[in-house]
Amino acid sequence: MHRSAVASGTATLLLALSACGGNVAAGDGGTITVTVGYQSKTINTVTAGTLLRSLGYFEEQLNALGDGHDYKVVWQDYATGAPITAQMTAGKIDIGSMGDFPLLINAARGKQLGRPTHLVSVTGYNLRGGLNTIVTAPDSKLTSLKDLKGKKVSTSVGSAADGTLVRALKRAGIDADKGIEKLNQQPAVGASALSAGSADALSQFVAWPGLLAYQGKAKALYDGAELDLPTFHGVTARQDFAKKRPFVLEAFLKAQAQATDYLNAHPVAAAEKVAKATGLPPEVVYLYNGAHGISTFDPALKPQLVSALKEDVSILKAAKLTGDVDVDAFVDDQYVKKALGATYAQKLAAAPPPAASEVWAEGTERTQTFTSPTELLTYLAAHRDGVRAAYVPDATTGTLWFADKAVWVADGQQLLPFVAPSTAQAYVDVHSGARIVTYSEALEAAS
């Protein structure tokens, strides 16, 4: 029998082929429909979603199974993880990708409804928490978390960005329930609220903060990496699907590993592919997914990420979004270990690349890396035209940010970038002679 895997993006096709994901469709043709839920604009999941879909690796892996079945892959795109969980617990999505907090809700709902799920791999992560950022309007007078007391803050309750907001406010001595007026909104709605002035600040996940900053619609107030707590996105699969179709799940994870290798080897090309599929600016995609981007892509279920997931449970319990979650029972690395074989141990031990400054020049397929932000500024001062984007790592957290959106500090001969004004001020407070300067002044000093 001829085997083929065909991608389709419509829910109509899903319903026509199968009433339940991962099942053989009606008739004797042996066609198996596999339904994947993903978030195209949550670009920390691209190796299990947008990029993977565009590269066709999953379909190729299914074609190579040689088990006599035809396969149809249905890709369903969502804005957040909540609807993916709803569809998984209804038996309509087999494999999904989402952030750490939604993953815990996925585990809790699956157990509660008798449709248990398991975390089977990681897409992208940041060991300090830099994937989530709190931003304000460009003309806002707010400069620190303490300024948020009594203000309206938009976030998506139950998301990793909400977790960042709750933890950050607690450290600032503000009760997240009583000290602010929290607006529970989808990211796009929150972005509109910020622009309209109906929200004073927005706490969101990749890629919304970077997108709004790039568009000149927001500026960073708080870098989530200040929490120094890992945050990540991962792949979850229904337990019944995994047991019934283990080779299909392993094929997906092999394909995810291929997409990860492609992204790491061709970060600019990958950013262009994701941008084309999502409508996001390539420069924003690269901020997160680039060679030294905020996110590191690796499918391995690293112990520090699992430990962070356990720490997240208390935040969701306090918000009454879940009860206890048995994280150890939820995490299942057997499939990714089989999929990656001998390379898994190597990936498990791998560390994120060191932070670095980069310039993406017009018409180039590679970025140029610099040894310091000052060196990058010197280049920019001499090449004021023909640069698509310039990126610099925060001097204290390492979080990459756009050079022209960063807060700059002059300290002797050094020019140091920071994502947020409060971290820049914290540096100035303990370094005699250091002072905050404008981007233009930093360029002039480096020229």
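**Packing and interface**

User: Leaving aside its neighbours within four places in sequence, which residues is T47 in contact with?
Analyst: This is a predicted model, in which local features need pLDDT of at least 70 and side-chain atom pairs count only at pLDDT 80 or more, while totals for chains, interfaces and linings use all residues. Residues are numbered from 1 along each chain as its sequence is written, and side-chain values use heavy atoms, with hydrogens and water left out. Contact means heavy atoms within 4.5 Å. With neighbours within four places set aside, the contacts of T47 are L52, T123, Q256, A259, T260, L263 and F297.

User: Is T47 buried or exposed?
Analyst: T47 sits in the loop between β2 (31–38) and α2 (50–55); helices (H or I, at least four residues) and strands (E, at least two) are DSSP runs, numbered from the N terminus. Buried means under 20% relative accessible area, exposed over 50% and partly exposed in between (1.4 Å probe, protein chains only). The relative accessible area of T47 is 0%, so T47 is buried.

User: What is the geometry of the Y38 and W75 pair?
Analyst: Nine aromatic pairs occur in the structure. Rings of Phe, Tyr and Trp (its six-membered ring) pair if their centres lie within 6.5 Å, and planes under 30 degrees apart count as stacked, over 60 as edge-to-face and the rest as tilted. For Y38 and W75 the centres are 5.8 Å apart and the planes stand at 90°, so the pair is edge-to-face.

User: How many residues apart in sequence are the parts that Y286 and W360 tie together?
Analyst: The ring centres of Y286 and W360 are 5.5 Å apart with planes at 50°, so this pair is tilted. Y286 belongs to helix α12 (residues 282–289) and W360 to strand β13 (residues 357–361), so the parts tied together are separated in sequence by 74 residues.

User: Which residue lies over the face of W360?
Analyst: A charge sits over a ring if NZ of Lys or CZ of Arg is within 6 Å of the ring centre and within 35 degrees of the ring normal. At 4.1 Å from the ring centre of W360, the residue over its face is R388.

User: What is the area buried between domain 2 and domain 3?
Analyst: Domain bounds come from an automatic or database domain assignment, which gives domain 2 as 132–227 and domain 3 as 357–446. In this interface, 13 residues of domain 2 are in contact with 11 residues of domain 3. Buried area is the accessible area (1.4 Å probe) that two parts lose on being put together, summed over both. Carbon and sulfur atoms give 68% of the total, which is about 980 Å².
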